[in-house]
Amino acid sequence: MPQGSPFWTFSLALYRTPGVPGACIALQDECGVDVNVLLFALCLASQGRALPASGLAQADGAVSLWRSEAVRPLRAVRRFLREALLGADASAIAALRDKVKAAELESERLQQEALFALKPAANWGVAGDPIAAAARNMDACADMLGASFPSGPRQAMLDAFGDLLSRAT
């Protein structure tokens, strides 16, 4: 896997934190969150940048076609392959699933590279405190989706974000 941007490195570190994978999946499946857009918002928060929902919508719009035509179809195939319905060799299906999973991960990395390359808009201000910016950015993401994030996954993400920041200092 190519090294990737600092955003990719941030995402990998945050995703490895206990509780984050489950929280991301819950927010994705229950609220329609694009996890890469959420991670982008948290990465910017690590620099003290708070984004309004309109800023997140701009970022989301920049990657929406890629998400719908590359990331989501690969995710759907990977999830489908969890069940060996074909009657074929289960180990062969598992090997295929691993290849699709690798392609899905690479499609997400490329989406993150596109997000990282965005030039910050003037309304992507600086909040100063990264923890406050993270909470504001999560709320902006929920607002952009017209959703209310469940408190458990939201808090798990914020706790993991705080843990990651404390490990970095």
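User: Which residues does arginine 78 touch, not counting residues up to four places away in sequence?

Analyst: Arginine 78 touches Arg97, Val100, Lys101 and Glu104, where contact means heavy atoms within 4.5 Å. Some ground rules: this is a predicted model, in which local features need pLDDT of at least 70, side-chain atom pairs count only at pLDDT 80 or more, and totals for chains, interfaces and linings use all residues. Residues are numbered from 1 along each chain as its sequence is written, and side-chain values use heavy atoms, with hydrogens and water left out.

User: Why is arginine 78 called buried?

Analyst: Buried means under 20% relative accessible area, exposed means over 50%, and partly exposed is in between (1.4 Å probe, protein chains only). Arginine 78 has a relative accessible area of 15%, so it's buried. You'll find it in helix α4; helices here are DSSP runs (H or I, at least four residues), numbered from the N terminus, just as strands are (E, at least two).

User: What makes arginine 75 count as buried?

Analyst: Its relative accessibility is 13%, so it falls on the buried side. Arginine 75 lies in helix α4 as well. Leaving out residues up to four places away in sequence, arginine 75 touches Gln28, Glu104 and Glu108.

User: Which residues of α5 are buried?

Analyst: Ile93, Arg97, Val100, Glu104, Ser107, Glu108, Arg109, Gln111, Gln112 and Leu115. Their cover includes α1, α3 (35-45) and α4 (53-80). A handy general point: an α-helix has 3.6 residues a turn, so residues three or four places apart point the same way.

User: How do you know that α5 is close to its expected length?

Analyst: Expected span is 1.5 Å times one less than the number of residues. α5 has 27 residues, and it reaches 38 Å from first C-alpha to last, close to the expected 39 Å.

User: Is aspartate 98 in that helix buried, exposed or partly exposed, and why?

Analyst: Aspartate 98, found in α5 (residues 90-116), has a relative accessible area of 49%, so it's partly exposed. The C-alpha atoms of aspartate 98 and leucine 38 are separated by 25 Å, with the two residues 60 apart along the chain.

User: And arginine 16: why does that get the label exposed?

Analyst: Its relative accessible area is 64%, so exposed it is. Arginine 16 sits in the loop between α1 and α2 (20-31). Arginine 16 and alanine 160 are 144 residues apart in sequence, yet 9.4 Å apart in space, C-alpha to C-alpha.

User: What makes the angle between α1 and α7 count as roughly perpendicular?

Analyst: Axes are lines fitted to C-alpha atoms, for helices over the stretch in contact, and angles run from 0 to 180 degrees between N-to-C directions. Under 35 degrees counts as roughly parallel, over 145 as roughly antiparallel, 65 to 115 as roughly perpendicular, and the rest as oblique. Helix α1 (residues 6-15) and helix α7 (residues 151-168) pack at about 115 degrees, with axes 9 Å apart. That makes α1 roughly perpendicular to α7.

User: Which residues meet there?

Analyst: From α1 come Phe10, Ala13 and Leu14, and from α7 Met157, Ala160, Phe161, Leu164 and Arg167. By class, the contact has seven nonpolar, no polar and one charged. Nonpolar covers Ala, Val, Leu, Ile, Met, Phe, Trp, Tyr, Cys and Pro; charged covers Asp, Glu, Lys and Arg; the others, Gly among them, are polar.

User: Why are α3 and α6 said to be roughly antiparallel?

Analyst: α3 and helix α6 (residues 130-145) pack at about 155 degrees, with axes 8 Å apart. Since that is over 145, they're roughly antiparallel to each other. The residues in contact include Val37 and Leu38 of α3 and Pro130 and Ala133 of α6. The classes come to eleven nonpolar, one polar and no charged.

User: Last one: why does leucine 145 count as partly exposed?

Analyst: Its relative accessibility is 33%, so leucine 145 counts as partly exposed. Leucine 145 lies in α6 and touches Cys31, Gly32 and Val33, not counting residues up to four places away in sequence.
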